[in-house]
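Dear colleague,

Please read them with the coordinates open beside you.

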Amino acid sequence: MKARVHVMLKDGVLDPQGEAVKHALHGLGFDGVGGVRQGKVIELDLAEGTGEDDVREMCEKLLANTVIESYAIEMV
């Protein structure tokens with residue numbers, strides 16, 4: 001089993017990488033983009049018996065900085 005963890009900056013936290021992407025898109029002529037938020041995806045290969053609660057604990061302790069980031073877990 002695998003888990004994908006989607007980590008994003010929380011609303012209200014400045015995202016300079018997202019702003020750089022937005023600026024580059026506008027420079028390429030893509031003016032229909034009003035905002036960009038950049039995040040990361042972490043894919044985990046899980047050992048048998050490892051569940052979503054374990055992944056949530058991993059996120060809380062290491063994979064996400066929960067002060068400024070939110071995360072979503074997708075079990076696949």
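Leaving aside its neighbours within four places in sequence, Asp15 is in contact (heavy atoms within 4.5 Å) with Leu9, Val36, Arg37 and Gln38. This is a predicted model, in which local features need pLDDT of at least 70 and side-chain atom pairs count only at pLDDT 80 or more, while totals for chains, interfaces and linings use all residues. Residues are numbered from 1 along each chain as its sequence is written, and side-chain values use heavy atoms, with hydrogens and water left out.

Asp15 sits in the loop between strand S1 (2–9) and helix H1 (16–27), where helices (H or I, at least four residues) and strands (E, at least two) are DSSP runs numbered from the N terminus. The side chain of Asp15 reaches the backbone nitrogen of Gln38 at 2.7 Å. Asp15 is buried yet has no salt bridge, the nearest side chain of opposite charge being Arg37, 4.3 Å away; buried means under 20% relative accessible area and exposed over 50%, partly exposed in between (1.4 Å probe, protein chains only), and a salt bridge needs a side-chain nitrogen of Lys or Arg within 4 Å of a carboxyl oxygen of Asp or Glu.

In helix H2, Val55, Cys59 and Leu63 are buried. They cover an arc of only 50° around the axis (taken from the directions from the helix axis to the C-beta atoms), which puts them on the same side of H2, whereas Asp53 and Lys61, on the other side, are exposed. The buried residues of H2 pack against S1, strand S2 (39–45) and strand S3 (69–75).

Conventions. Lys, Arg positive; Asp, Glu negative; His and termini not counted. Polar contact = N/O pair within 3.5 Å; in protein donor to acceptor, adjacent residues only side chain to side chain.
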